[in-house]
Amino acid sequence: MSIKAENLTHIYNKGLAYETKAVDDVSFTAEDGEFIGIIGHTGSGKSTLIQHLNGILKPESGRIFIDDIEITSKNVKMTQIRKRVGLVFQYPEYQLFEETVLRDISFGPKNLGLSDDEVVERAMEAMRLVGLDFETYAERSPFELSGGQKRRAAIAGVIAMRPDVLILDEPTAGLDPKAHEDILNMIRSVKERAGGIVVLVSHNMGDIAEMTDRVLVMDGGKLVRDGAPAEIFADEEFLKGIGLGVPPAARMANVLAAGGLASDRSVLTLGDLTDFLANRLGGAGGGADDETPEVSR
Amino acid sequence: MIRDITIGQYYPEYSKIHKLDPRLKIVVTLVYIVSLFLVKDFIGYAIVFASIGLVVAMSKVPIRFILRGLKPIFLIIAFTFTLNMLMTKGTILWSWGFVRITEEGLYNAVFMALRLIFLIIGSSLLTLTTKPIKLTDGIESLLKPFKKMGLPVHELAMMMTIALRFIPTLLEETDKIMKAQQARGADFETGGLIKRAKAMIPLLIPLFVGAFRIAQDLAMAMEARCYHGGEGRTKLNALKFRGRDAAAIIFVVIYLSAVVAERIFV
Ligand SMILES: Nc1ncnc2c1ncn2[C@@H]1O[C@H](COP(=O)(O)OP(=O)(O)OP(=O)(O)O)[C@@H](O)[C@H]1O
Ligand SMILES: [Mg+2]
């Protein structure tokens with residue numbers, strides 16, 4: 001399983017006075033097992049970029065390969081692509097339409113032409129993964145659910161297709177802390193169970209640092225950085241310059257550093273910060289002052 | 001895609017025609033349509049052509065934009081053209097079996113097709129050069145006399161304004177939902193009529209739910225800002241009759257006199 005994007009460019013409203021180059025000459029590859037985060041200012045082209053990865057949008061120029069299939073070529077079967085690349089849109093709850101939650105979640109698997117038993121089995125599994133109790137919710141109307149429950153049901157609709165590549169566009173936007181944490185845990189467990197590639201678009205730097213092992217930074221349609229979270233978040237000045245920032249834990253560490261406590265650039269997550277502080281405070285008498293804590297991710 | 005529909009579209013530009021009072025533009029368009037039915041020969045059409053050509057040039061709307069408006073009714077034009085050509089009796093020019101084309105038929109066909117084309121050009125010029133909001137303002141103002149007869153003029157105009165305002169929003173929404181369902185393997189493009197109609201369900205239901213949501217939010221937002229209907233309501237940009245409107249009236253009077261004179265004397 002791999003994704004390869006070559007010199008991808010997308011222009012909205014081409015030829016009109018208000019045309020926008022939303023994605024501008026973007027190239028990257030993703031290998032099996034990677035967890036990729038995409039960050040960027042509002043309007044930087046993140047959503048546009050990821051919609052190319054399952055063929056929903058066609059690029060103005062450039063090519064995309066999923067394994068060895070060139071999905072940008074004309075004679076490729078779209079169902080084959082959508083089976084392998086699952087895309088959860090921004091605010092996916094607006095796509096719900098069926099009479100019951102179960103039937104809505106079954107829509108995707110059914111379109112793959114699976115048997116009824118298989119469809120129900122997958123839907124049940126997806127509901128379990130997103131934390132919707134089957135007994136309680138399967139026969140409810142999706143329109144009667146709360147915002148957070150709708151979001152879970154909509155995400156389950158994509159997970160039930162068991163894609164090799166799972167792409168999520170700001171899946172936690174507008175959710176309460178509990179639902180937020182649940183969704184992240186759900187993504188982790190899907191990744192653990194199915195492997196493959198996960199791509200997470202988020203404005204929450206903490207989540208990105210916590211979850212991903214590689215970060216792509218978009219600005220004005222261009223891919224401006226591509227690297228490990230530690231590398232990307234080390235350059236706070238640059239990120240601030242393009243309207244982004246660093247995770248809260250890293251900010252805290254930077255503030256402590258400015259206050260005189262020996263700085264540590266490798267603090268990204270709350271776990272890192274705890275280790276760092278424990279080391280600083282607890283180890284003060286042990287003479288271990290200069291030892292940098294191990295980065296655990 | 002669906003965004004390419006141009007009928008009733010506005011073309012943003014700063015021309016003298018764009019700036020005219022919308023009430024005047026509506027009335028003039030009606031006068032123009034009536035005048036087309038007064039024309040009885042091609043000399044009359046020459047007057048029409050010269051006048052509408054001048055207005056198009058002044059409006060700065062590209063010709064290709066105006067011609068694009070003709071595309072959807074091309075079939076109707078072709079249909080009337082063929083019917084007129086084949087059904088009129090007279091001197092036979094050419095015949096084959098029971099199909100015969102007469103001189104009068106050909107004349108009629110060209111004449112009618114021109115009338116339709118001029119009609120469409122004139123009325124699309126109205127929407128191309130007038131913002132929807134101005135257009136409904138104009139209609140509201142023109143219909144005011146009927147208020148006394150119990151016609152809810154302001155409410156009708158407000159409904160039209162809202163409908164026009166939300167067309168792009170709903171198109172955008174459609175686009176978004178369509179993409180989301182395609183990502184779940186929905187197929188809107190292949191299959192027979194019934195299969196395709198069925199495939200529309202996952203698109204239409206969220207669209208309707210969304211439309212109701214938008215309507216509710218809008219109603220709430222309007223009420224929160226104390227909207228209470230037309231009684232005693234003033235306008236931010238009140239319509240005003242200006243010098244250029246007077247100039248336009250003089251132009252229209254000259255045009256109409258020319259058309260009428262041509263009909264009577266030539
Ligand atoms: N359907 C569309 N038609 C025209 N322009 C669009 C469309 N969708 C996006 N754009 C434009 O393309 C650019 C990139 O938009 P995109 O939605 O990819 O940004 P984003 O990075 O996902 O932003 P956000 O963080 O707000 O979701 C923006 O300038 C936007 O205005
Ligand atoms: Mg987006």
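## Where the two domains of chain A meet

Across the interface of domain 1 of chain A and domain 2 of chain A, one residue pair is in polar contact, with both residues at pLDDT 80 or more. A polar contact is a pair of N or O atoms within 3.5 Å; within protein, one must be able to donate a hydrogen and the other to accept it, and residues adjacent in sequence count only if both atoms are side-chain atoms. On the domain 1 side, the elements giving two or more residues are α8 (205-211) and α9 (229-233) of chain A. Helices here are DSSP runs (H or I, at least four residues), as are strands (E, at least two), numbered from the N terminus.

Domain 1 covers 2-241 and domain 2 covers 248-283, with bounds from an automatic or database domain assignment. Eight residues from domain 1 of chain A and seven from domain 2 of chain A take part in the contact, meaning heavy atoms within 4.5 Å. The two domains bury about 600 Å² between them; buried area is the accessible area (1.4 Å probe) that two parts lose on being put together, summed over both.

## How to read this model

This is a predicted model, in which local features need pLDDT of at least 70 and side-chain atom pairs count only at pLDDT 80 or more, while totals for chains, interfaces and linings use all residues. Residues are numbered from 1 along each chain as its sequence is written, chains are lettered from A and ligands numbered from 1 in the order written, and side-chain values use heavy atoms, leaving out hydrogens and water.

Between chain A and chain B, about 1,600 Å² is buried, 64% of it from carbon and sulfur atoms. Tyr94(A), Gln95(A) and Phe97(A) supply 34% of the area that chain A buries here, more than any other three residues.

There is one salt bridge between the chains, joining the side chains of Asp104(A) and Arg184(B) at 3.1 Å, N to O. The term asks for a side-chain nitrogen of Lys or Arg within 4 Å of a carboxyl oxygen of Asp or Glu.

Ser47(A) (OG) and Gln90(A) (OE1) coordinate the magnesium ion (ligand 2) at 1.9 to 2.5 Å. Donors are N, O and S atoms within 2.8 Å of the metal (3.2 Å for Na, K and Ca); water is not among the atoms, so sites may look incomplete. The two residues are 43 residues apart.

Ser44(A) is buried, at 2% relative accessible area, whereas Gln90(A) is partly exposed at 31%. Buried means under 20%, exposed over 50%, and partly exposed in between (1.4 Å probe, protein chains only). A polar atom of the Ser44(A) side chain lies 2.7 Å from the backbone oxygen of His41(A).
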